[in-house]
Amino acid sequence: MPRRTQFRDVSEITEHEAQAELIHLANVLKAANIAYFENDAPEITDADYDELRRYNKSLEDKFPHLKRMDSPSNSVGSSPTNGFIKIHHTIPMLSLENASDIIDVWKFEASIKKYLGLCPDTRLYYTAEPKIDGVSLSLRYEKGQLVHAATRGDGRVGENVAANARCIADIPQYLTESPDTLEVRGEIYMSRSDFTALNSRQLQLGQRTFANPRNAAAGSLRQLNPEITRTRPLHFFAYAWGEVSEPLGTTQYACIQRLKTLRFQTNPLIHLCQSVDDLLAHYEKIEMQRATLDYDIDGVVYKINDLALQERLGSRSTTPRWAIAHKFSAEMAWTYLQDIDIQVGRTGALSPVARLAPVTVGGVVVSNATLHNEDYIAGYDSNKKPIRAGKDIRIGDWVQVYRAGDVIPKIADVDVVRRTSQSKVFKFPKQCPECGSNAIREENDSVRRCVAGLTCPAQAVEKLKHFVSKAAFDIVGLGDKQIEMFYRDEHLPIHEPADIFSLSSRDKKNATGLADRDGWGQKSAKNLFSAIDSARVISLNRLIFSLGIRNIGEVAAMDLARHFGNWDNFVRTIDQAANEPAAGINNQRERRKVISDSPAWSEITNIDGIGDTVATALINSFTQDAERMSIERLLANLSVEDVTAPNSYNSAFANKTLVFTGTLGRMTRAEAKARAESHGAKVSGSVSTRTDLVIAGPGAGSKIRKAKELGIQIMSEDEWCVLLENS
């Protein structure tokens, strides 16, 4: 979904272009509303949704005569579904205008003073309270008795979920000393700890899990069977009111206190502020507490405290003039670093992982973040230049985590002001935590690696997982969990790839077969053995990739396979290079002196896309006795198909790097990749400066943004197919 940097300047858009944009935005935002409010399964982030609405409004402001009847500016939420009785809100449940930065907050106060005709130096009082990331609910009491509970719906008509609301402990069934008519409004939410426990139960029951507490709360509240809601740990914070037969008070703050006396849960962080500076200070205070709260918040809501002024200010079509939501960054949050763990990968790399107090970032609950390597923790990049102003990362620190797009969460900053004597400097291990072998760091390598190779259990398991992965042998029924199980198994172990292909024969010799074990059965065992047999025939490029050799991905494996054609040529050249003088020289300058006298080494390094790094990795793997013997045992079970380099003479895609993104309609992604490669193209999974062309289908997102930033050509699938047919 587009972000602000992709939107065209409104001043440059013609009326005709604006009309088309408004149609598109109306459709996109309608679909987003249905996904969020009706299906409880958001398809875009809150930040992207807010950007789209802002852009829509800016177009309408410039071309007011083009505003559509179904304009997103006129809507709040989504229409109720057919599963519940409809409830008409006596007073509409409005949404809030958003402030994305400090300037927007100052503009908010200025607009209030201008509307009321007040002097610029007039002091205004506000309340500031956390914006709960949950589901809006309105509770109607008549003579103290709860008569219905309604969701927001489209702001005017919601769904009556009273039966479900009565299952929530925070919602009183009866009130004493309350107005005869009282409509209490607030937010249904699920705590983070309850959310984690719920997802664990869902996994155990084989049911779908929830992406975040907000989705879990929404799905739980809108169950057609109230008994399901009763089993879900939902909570309610009251923060507003609708229709009342008598006033609750004269100020926002006083009314919240009155709701508290009526036994409603109100947020303890609500604060009375005397200026915008006070508001911003409280915003920072709440933001820093965000990780310690057991519920999700996505901003702070500011409201004029004086109800008489609220009445004078009134509302626009969908938002009140007297309130605004100051949103947190959707992709960044502060949290507490509880510990640092070391994970050992298939190449022996020791990768540090931050264990964080869970916090929601970009709509996903984040509890881990990558720390890259020991230099990164110490506050330096690979060139020994300071990052984060040279601040190191310690256990017990408060850190700012970010998650842009779908990438793994990372640490953006450290708050050294909050660092205490309890914070501990992390000492990076020099021995492998899995096997105890030395972990060394080679020259020009930013990563420390375990030297044990396949004798290290962690490396062996990770190599096996890579071996059976989709881009390698793709053995259905043998995933990560099964690999871990078989690796530990006493009777039917898999410790190296060749063991996979003897699994069936070894199983027949066991008194208790795989089919008789818990979680298996005759059908699942038979399917696994069949999938293993089908994998005995494999193409050269997939075999090379499956070996999990450092620095050799799918593209490099295909480059090597196309060059050598068959396994014998491939291995023979590696062996020859290993016995030539250049192969053993680490110094780059000395290597270049002898490389012209090393035909096999030159043959490998002169392949387009293959250089010294890949050649060295190949030779290191094939000259290690244990690894070479393992490869030989594997080859005895396989039939390796040759790979022929495509005839790409006259092809428009020869030697071009292509990236496919979004949903393809005319062919599968696998077929598109194969057709591109048959025309001499290389297909990559990510956009970079080396990318020549991006083919985009519906639903394309971050890759399109990156391509536009880099000025890379983008075309549709249809346009690509036309070029393909003419090549």
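This is a predicted model: local features need pLDDT of at least 70, side-chain atom pairs count only at pLDDT 80 or more; totals for chains, interfaces and linings use all residues.
Me: In which sense do strand S4 and S7 pair?
Reply: Strands of a sheet pair through backbone hydrogen bonds, either parallel or antiparallel. Strand S4 covers residues 135-142 and is joined to S7 over eight bridges. In one of these bridges, Ser138 has Arg185 of S7 as its partner. The sense of the S4 and S7 pairing is antiparallel.

Me: How many bridges join S7 to strand S8?
Reply: Strand S8 spans residues 235-244, and S7 and S8 run antiparallel. Leu182 stands opposite Val244 in S8. The number of bridges joining S7 to S8 is seven.

Me: Which residue stands opposite Lys303 in S11?
Reply: Start with the pair of strands: S10 (residues 297-304) runs antiparallel to S11, with five bridges between them. S11 itself covers residues 323-327. Opposite Lys303, the residue in S11 is Ala323.

Me: Is Lys327 buried or exposed?
Reply: Lys327 has its place in strand S11. Not counting residues up to four places away in sequence, Lys327 touches Asp50, Asn98, Ala99, Lys131, Tyr283, Asp298 and Gly299. The cut-off for the buried class is under 20% relative accessible area. Lys327 has 14% relative accessibility, so this residue counts as buried.

Me: What is the handedness of the crossing of H3 and H9?
Reply: Helix H3 (residues 102-116) and helix H9 (residues 276-289) pack at an angle of about 145°, and their axes are 10 Å apart. The contact is made by Ile102, Val105, Trp106 and Glu109 of H3, together with Val276, Asp277 and Leu280 of H9. By class, that contact has five nonpolar, no polar and two charged residues. The crossing of H3 and H9 is right-handed.

Me: How many residues of helix H12 are buried?
Reply: Helix H12 takes in residues 457-467 and is mostly covered. Its buried residues include Ala458, Val461, Leu464 and Phe467. Among the elements covering them are strand S12 (332-344), helix H13 (480-488) and helix H23 (625-635). Of the 11 residues in H12, the buried ones number nine.

Me: How many residues does the largest nonpolar core have?
Reply: Those with the most contacts inside this core are Ile475, Leu560, Trp567, Phe570, Leu618 and Phe622. Leaving aside neighbours within four places in sequence, the contacts of Phe622 include Leu547, Trp567, Phe570 and Ile631. Apart from this core lies another, of 36 residues, with Ala149, Leu175, Phe195 and Leu307 among them. For the largest core, the number of residues is 61.

Me: Why is one side of strand S24 and of strand S26 left without a neighbour in the sheet?
Reply: These strands belong to an open sheet of four strands with parallel pairing, in the order S24-S23-S25-S26. S24 (682-684) and S26 (713-716) stand at the edges of the sheet. One side of each is left without a neighbour because each has a single partner strand.

Me: Which strands does helix H25 touch?
Reply: Two of the strands in question, S23 (residues 657-661) and S25 (residues 693-696), pair in the parallel sense over four bridges. Thr661 stands opposite Ala696 in S25. Helix H25 (residues 702-710) packs on the sheet, and its direction makes about 140° with that of S23. The strands that H25 touches are S23, S25 and S26.

Terms used:
Residues are numbered from 1 along each chain as its sequence is written. Side-chain values use heavy atoms; hydrogens and water are left out. Axes are lines fitted to C-alpha atoms, for helices over the stretch in contact, and angles run from 0 to 180 degrees between N-to-C directions. A crossing is left-handed if the near helix is turned anticlockwise from the far one by less than a right angle, and right-handed if clockwise. Contact means heavy atoms within 4.5 Å. Ala, Val, Leu, Ile, Met, Phe, Trp, Tyr, Cys and Pro count as nonpolar, Asp, Glu, Lys and Arg as charged, and the others, Gly among them, as polar. Two strands pair if DSSP finds at least two bridges between them. Buried means under 20% relative accessible area, exposed over 50%, partly exposed in between (1.4 Å probe, protein chains only). A nonpolar core is a set of buried Ala, Val, Leu, Ile, Met, Phe, Trp, Tyr and Cys residues joined through side-chain atoms within 4.5 Å.
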